[in-house]
Amino acid sequence: MKWSGRTISPGVAFGEVLYSSRSISFFGGVDPTNGVVLESGHPLEGLTISGKILVFPTGKGSTVGSYTLYRLKKNGKAPLAIINGECETITAVGCIIADIPCIDQVPINEIANFKEVRLDANSGLIEADE
């Protein structure tokens, strides 16, 4: 299966999909020291985003969330890449400053059905084996 989307931050990644049907707030919602989702009641609460291809509809919350993504990267706990339905500025800036590949404008609900994906944000492509 292949999808094409809009490149937000270039780069290439391959890894396990971690999908959420709900928005993520990085500031206060994710621990920047270990990558664990802290937001109470969130479908990913207690799980780590570290080393995963993080797939979610859009970000939310404070602009400090961009810096949280940067801190995750500096701490070696960032996601390998981010795929959004619609990337907003907080997530976009965070991915750019942290050098995390990011693509949006793709059907994330389809990607949720796959265990692993290859993401080439340089060309805006995502692939998964059927």
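Phenylalanine 26, in what is a predicted model, touches Ile49, Leu54, Phe56, Lys60, Gly65, Thr68, Leu69, Leu72, Ile82 and Thr91, residues up to four places away in sequence being left out, where contact means heavy atoms within 4.5 Å. Local features need pLDDT of at least 70 and side-chain atom pairs count only at pLDDT 80 or more, while totals for chains, interfaces and linings use all residues. Residues are numbered from 1 along each chain as its sequence is written, and side-chain values use heavy atoms, with hydrogens and water left out.

Phe26 belongs to the largest nonpolar core, which has 20 residues and in which Phe26, Ile49, Leu54 and Ile82 touch the most other members; such a core is a set of buried Ala, Val, Leu, Ile, Met, Phe, Trp, Tyr and Cys residues joined through side-chain atoms within 4.5 Å, and buried means under 20% relative accessible area with a 1.4 Å probe, protein chains only. At least two residues of this core come from each of strand S4 (53-56), helix H1 (64-74) and helix H2 (89-98), helices (H or I, at least four residues) and strands (E, at least two) being DSSP runs numbered from the N terminus. Apart from this core lies another, of 17 residues, including Val55, Val106, Phe114 and Val117.

Serine 20 sits in the loop between strand S3 (12-19) and S4, and is buried, with a relative accessible area of 1%. Beyond its neighbours within four places in sequence, serine 20 contacts His42, Pro43, Leu44, Val55, Phe56 and Pro57.

Over the chain as a whole, there are three helices and eight strands, and 48% of the 130 residues count as buried.

Note on methods: Buried means under 20% relative accessible area, exposed over 50%, partly exposed in between (1.4 Å probe, protein chains only).
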